[in-house]
Amino acid sequence: MLDASDSPLSRLQHHAEVRGSEVALLEQQGASWLSLTWSELHRRVLDGAAGMMQSGVGVGQVVVILVPAGVRLVELELATRAAGAVPLMLPEGLEPRKVGTLLAGMDVRLVVADRQQRLAQLRHVRLAEAELFECDDESWGRLRAFGAQHRTRTPGLVARAEASRAPALTRTVLALPRDKNDPWLFWPDATGTTGELVADDVVLVVGAPSDRFTTVVRDAHQRAGCTLAWVEAPERLGAGLQHVRPTHVLLDQACARVLDDVLVNACLDDLPWHAAPQDVLDAASAVAAGARVGSKGRRLAAELTRLAPWWGDRMRVLVVDGRVGRTVTGLAAGLGFEVGRMSHVPASRLDLAVRRPPARPQPAPRSVAQPQPDPADSLPRRARSGLDAAFSL
């Protein structure tokens with residue numbers, strides 16, 4: 001495993017050289033699954049970073065990312081960091097007024113969104129200097145293509161940009177909602193199971209992009225060089241297990257809260273795994289807790305093994321972001337899983353506002369020659385005149 005001080009780009013280069021043909025990322029797209037090797041991820045991140053730089057993203061600036069969980073978000077996150085900029089993600093439920101306060105004074109250069117509705121969060125934010133990148137598979141591919149051309153003309157471009165800023169300063173920034181106060185910006189950090197991942201592990205994580213748990217997991221995946229499959233909704237857990245056959249399953253708080261319902265409704269070959277699944281789970285939990293259980297209850301608890309094929313034949317570690325309940329304890333005891341542990345480091349408030357010096361009087365403008373058209377003008381983004389009304393221009 002790489003040293004913690006290594007940058008995201010050096011990690012990717014290492015994994016591309018050592019495990020280039022191994023699968024780095026998996027994502028469900030409809031009925032099929034998309035896979036990306038470490039070599040492919042490395043190249044796409046380099047091209048994406050160069051494309052962002054060509055569109056004006058500079059070292060130390062902020063890129064707001066509003067896209068769903070999956071391969072493209074990982075690429076955007078890493079490309080932003082490789083360009084020396086800071087990726088920032090906002091939870092969907094955060095009030096627009098609070099978002100306006102949160103982002104006040106920041107040097108936001110780019111807003112990346114996959115659909116117009118996500119921009120409603122930004123309607124109270126002044127983003128006169130920002131560009132909007134409407135990001136789908138086609139536009140992301142075009143931006144990477146521009147970046148690839150830019151890298152060809154300027155070898156070492158991305159490496160120099162990343163080296164100009166300490167990797168610790170480009171870590172993904174999240175917003176921490178606070179019930180009675182304005183939210184905080186913070187860098188998520190945690191200790192526990194994710195620090196023990198190795199390259200041969202296959203991880204299935206369920207959770208939202210802006211969740212502190214999934215962000216820590218993504219960073220651990222890039223350090224370890226393992227395979228990561230990422231789904232956002234708990235109802236996709238079963239399909240993920242069936243296709244990915246993970247060694248580790250990591251569930252965020254939202255998924256952990258509904259895990260009981262997911263297990264009760266789990267199916268094998270399109271049929272319920274048991275006629276009375278709740279009774280089996282309750283019996284297994286009682287046995288694991290050391291409660292006095294009769295022979296009928298023990299026989300019922302033993303039938304938990306019928307659920308083993310649903311988890312796959314490689315499953316070893318189950319981690320839930322929150323309190324480990326009786327159902328998880330019963331599962332671990334009945335199916336031989338290890339219950340992994342995660343401990344979040346308390347959030348420290350982060351200030352990304354730019355302290356600009358007072359403006360100086362500008363000399364009278366001189367007549368200058370008009371610049372030649374730049375190929376970057378055709379990048380897959382809107383011009384400022386076409387920005388959504390959420391932007392104050």
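This is a predicted model: local features need pLDDT of at least 70, side-chain atom pairs count only at pLDDT 80 or more; totals for chains, interfaces and linings use all residues.
**Entry 1, the whole chain**

I started with the tally: the secondary structure comes to 14 helices and 17 strands. Next I looked up burial, and 50% of the 393 residues count as buried. I also checked how far apart in sequence the touching residues sit. Among contacts with a separation of 6 or more, 73% are between residues 24 or more positions apart.

I turned to helix α2 (residues 38-54) and helix α5 (residues 137-153). Their axes come within 6 Å and cross at roughly 85°. Angles of 65 to 115 degrees count as roughly perpendicular, so α2 and α5 are roughly perpendicular to each other. I then listed who makes the contact. From α2 I noted Arg43, Arg44, Leu46, Asp47, Gly48, Ala50, Gly51, Met52 and Gln54. From α5 I noted Trp140, Leu143, Arg144, Phe146, Gly147, Ala148, His150, Arg151 and Arg153. Sorted by class, that contact has seven nonpolar, five polar and six charged residues.

In what order do the six strands of the open sheet run? I read off β6-β5-β3-β4-β7-β8, and the pairing is mixed. At the edges are β6 (131-134) and β8 (184-186), each pairing on one side only. On average, neighbouring strands of this sheet are turned by 25° against each other, direction ignored.

I zoomed in on the β8 end. Strand β7 (residues 173-176) pairs with β8 in the antiparallel sense, over three bridges. Leucine 174 has phenylalanine 186 of β8 as its bridge partner.

Threonine 172 is in the loop between α6 (157-163) and β7. Is threonine 172 buried or exposed? I found 7% relative accessibility for threonine 172, and buried means under 20%, so this residue counts as buried. The side chain of threonine 172 makes a polar contact of 2.5 Å with the side chain of glutamate 77. Leaving out residues up to four places away in sequence, threonine 172 touches Glu77, Pro87, Met89, Phe186, Trp187, Pro188, Thr215 and Arg218.

Which residues of helix α14 (residues 326-335) are buried? I wrote down Thr327, Val328, Gly330, Leu331, Ala332 and Leu335. Then I looked for what covers them. The cover includes α10 (259-264), α11 (277-288), α13 (308-311), β15 (317-320) and β16 (338-339). After α14 comes glycine 336, with a positive phi near 80°.

- Arginine 245 has a phi near 50°. I located arginine 245 in the loop between α8 (237-244) and β12 (248-251). Its relative accessible area is 34%, so arginine 245 is partly exposed.
- Aspartate 270 has a phi of about 65°. I located aspartate 270 in the loop between β13 (267-268) and β14 (271-272). With a relative accessible area of 75%, aspartate 270 is exposed.

Terms used:
Residues are numbered from 1 along each chain as its sequence is written. Side-chain values use heavy atoms; hydrogens and water are left out. Axes are lines fitted to C-alpha atoms, for helices over the stretch in contact, and angles run from 0 to 180 degrees between N-to-C directions. Helices (H or I, at least four residues) and strands (E, at least two) are DSSP runs, numbered from the N terminus. Angles under 35 degrees count as roughly parallel, over 145 as roughly antiparallel, 65 to 115 as roughly perpendicular and the rest as oblique. Contact means heavy atoms within 4.5 Å. Ala, Val, Leu, Ile, Met, Phe, Trp, Tyr, Cys and Pro count as nonpolar, Asp, Glu, Lys and Arg as charged, and the others, Gly among them, as polar. Two strands pair if DSSP finds at least two bridges between them. Buried means under 20% relative accessible area, exposed over 50%, partly exposed in between (1.4 Å probe, protein chains only). A polar contact is a pair of N or O atoms within 3.5 Å; within protein, one must be able to donate a hydrogen and the other to accept it, and residues adjacent in sequence count only if both atoms are side-chain atoms.
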